[in-house]
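Work through the following exercises with the coordinates open, and try each task before reading its solution.

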Amino acid sequence: MIEIRLSVDYDEYENGVRISQLIDQLTEKPNAANISVLTIGDWGQAYENGPDDAIESLVKHKHIFTGLSSLFLGDMDSEECEVSWINQTNIAPLLEAYPNLRSLTVKGSTNLSFEPLQHAALQELKIICGGLPKSVIEQIAGSQLPELRRLELYLGVDDYGFDASLEEVLAVAKPNLFPKLTYLGLKNSELQDEIAIAIADSPIVDQLDTLDLSYGTLTDVGAEALITSERVKKLKHLDLNYHYMSDKMVERWKATGLSVDLSDGQDADEDDWRYPYITE
Amino acid sequence: MAATASVQPYLLIGNPGNKRTLGLQAARQKLGLPPAIVLPYSDLLNRSIHLGESIRQAATNSQPLEGKPIIIRLEAPGENPLVERELIAWGAEFEGSRKDLTSGLSVTAAKALRLPEEYGRILYPGQWYRGYCRLLAELREAAQQSDSPIRWVNDPADVAVMFDKRRCQQLLSQNGVPTPAMPAPAGSIRDYESLLAAVQSSRMNRLFIKLAYGSGASGIIAYQRHPVTGSEIAITTIGVEQHNDEQLYYNSGKLQRYTDHATIRLIIDWLCREGAQIERWIEKDSIDGSSYDIRQLVVNGSPCHALARLSRTPITNLHLRNERRLITDGMLSAILKEQVEHTAVSALAAFNGSTVAGIDVLVQKKRGLTYICDVNPFGDLLYHAEHKGMNTYEWQMSLLQQ
């Protein structure tokens, strides 16, 4: 198993280095076929450029990177580019070119799309962003990912591109959509309470090992629905890391004996505003 | 009497009773040294005491000096509203040679002394700095005039340069010490409009805009502009309030994130008018998902105490919610640690008359290059940091005994 990380920093980009060149160079490695994990960080001033040439180059070399099973597109932090400013693009050509891919993580949602989202082997899909557009949520709800086991969506806030309704979000949490799904993360949301209330008594929970409602604005309101749900009690793990629950509610969770991540409790600010973990 | 008489007198110019003064006195006591003679800024500023006179007294009381100079240490003048107002008043009267700097807003001396206490308000920083320079120049002159041999821990002339980030940056680059690049020559960005022009011509879309004077996180903006859409984000502790016809600028104590052009323009115009150092935002290296920089203390040309300052925001030197971590084994590679120390030592070496500074060192993500982003003459108030079993003050006092 070989893990590779490629990135183009500000100065390299200014000096003409392009991510596609680095991918081209990677093909010359004798063990290129054994690369199983590829992480692409900043592809160079991502606030201005999408990863199109990275995708183009990866598609072109699909017969060389035959062992690729895990791909992260856009692993960069706010020292390089604000997450809401990361330009993405249509990811579908990548999925088509790599039928053996098991795991895909994408960071950034500006111009992000999957046209279409279908893959016969993909087991994990994770999208990290400050605001997930309705268009992408609809593509996920209409996707064909029969092997999907883990779905993690950072929903974010409307200031940074989240424009779906609760019903539209819940469309990705239908039991027959992903029959093998065992990990569902609908997280980093400003609708975290509403999501918790809707999910708590949803049949989707019955097929899950882990429900991940972390990083959002979860308060006692949403927590009450979860803690009283018979379905939630059967989960192996509930992730509520980064939350706005009261100390009393946290104590109640502890008393249940369930496996619950309750770390990183937040306090609303003086204007009673609550923010998800990643918004910018 | 001979034993006590041979102890070197130590004058401390500072604000009595604050953590710095108490920390230094505690260290002296621990090491069996007599207390430093504290000369309060407030007394020097209202001229109820005079440095020349204090030197004379110290010399008389410590005869024979046996060739050892009287040591004079300047401490930070900050966190004292009375001293702050006196310094602003001194700045009003100062019409010296500092015409090269933009003057900023000003207030008369009489008015300065009557300024009400408003929590967090940033008062006339340009004028405050002029006042502090005037005091520093006067103290230096008084020490020079005295008949006794003296030694400054940090030469007041150096402190004046360290406390103006523009002059400091200039001196460091003249001495070949790496500092972040600037989008335009120093002083050429006079307002928001000229900043935008510099952003466009330099292609530096991410900048730090810093109030030139003083130290710490107050008055710093992490600024970025989207080259295509023109959107802007300014992350800063600076808050602005409209008060009748006047804007009041203050430290809000927590980070604000501005995206509206009008507010950003207002704050940048103000910073530029007072005097700003504007430099490229070097993308910082990270530890455990937080970006960091290093506060490296240098004493007598050697590196000693160091802390990593970790943050999930661009501004690492905020006390609020940021984590300070001792540099433990394995946190930085041996090569990087040495490079940080070397860069910090070279920064202090650019100042001929100074022996102590807390140097802020940036480590660039991916490349591991180091840059100096601040030289703080009073940067030795580091809690919990130890070097050879001693805190920062104990270490400095122990060096006197060698």
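**Exercise 1: a strand and its neighbours**

In chain B, strand E5 (residues 206–211) and strand E6 (residues 220–225) run antiparallel and are joined by 5 bridges, where strands are DSSP runs of at least two residues, numbered from the N terminus, and two strands pair if DSSP finds at least two bridges between them. The model is predicted, so local features need pLDDT of at least 70 and side-chain atom pairs count only at pLDDT 80 or more, while totals for chains, interfaces and linings use all residues. Residues are numbered from 1 along each chain as its sequence is written, chains are lettered from A in the order in which they are written, and side-chain values use heavy atoms, leaving out hydrogens and water.

Task: find which residue of E6(B) is the bridge partner of B:Arg206, and state how many residues of E5(B) are buried.

Solution. Step 1: the partner of B:Arg206 in E6(B) is B:Gln224. Step 2: E5(B) also pairs with strand E9 (residues 276–280) of chain B, in the antiparallel sense and over 5 bridges, and there B:Lys210 has B:Gln277 as its bridge partner. Step 3: E5(B) is mostly covered, since 6 of its 6 residues are buried, buried meaning under 20% relative accessible area with a 1.4 Å probe and protein chains only. Step 4: in a regular strand the side chains alternate between the two faces of the sheet. Step 5: B:Arg206, B:Phe208 and B:Lys210 point one way from E5(B), and B:Leu207, B:Ile209 and B:Leu211 point the other way.

**Exercise 2: a sheet in chain A**

Task: determine which strands stand at the edges of the open sheet in chain A.

Solution. Step 1: 10 strands form this sheet in the order E1-E2-E3-E4-E5-E6-E7-E8-E9-E10, with parallel pairing. Step 2: strand E1 (2–6) and strand E10 (260–261) of chain A are at the edges, because each has a single partner strand, which leaves one side of each without a neighbour in the sheet. Step 3: within the sheet, 4 bridges join E2 (residues 35–40) of chain A to the parallel E3 (residues 70–73) of chain A, and A:Leu38 has A:Leu71 as its bridge partner in E3(A).

**Exercise 3: the interface**

Task: state how many salt bridges are counted between chain A and chain B.

Solution. Step 1: a salt bridge places a side-chain nitrogen of Lys or Arg within 4 Å of a carboxyl oxygen of Asp or Glu. Step 2: the count between chain A and chain B is 7 salt bridges. Step 3: B:Lys366 and A:Glu12 form a salt bridge through their side chains (2.8 Å, N to O).

Definitions and conventions
Buried means under 20% relative accessible area, exposed over 50%, partly exposed in between (1.4 Å probe, protein chains only).
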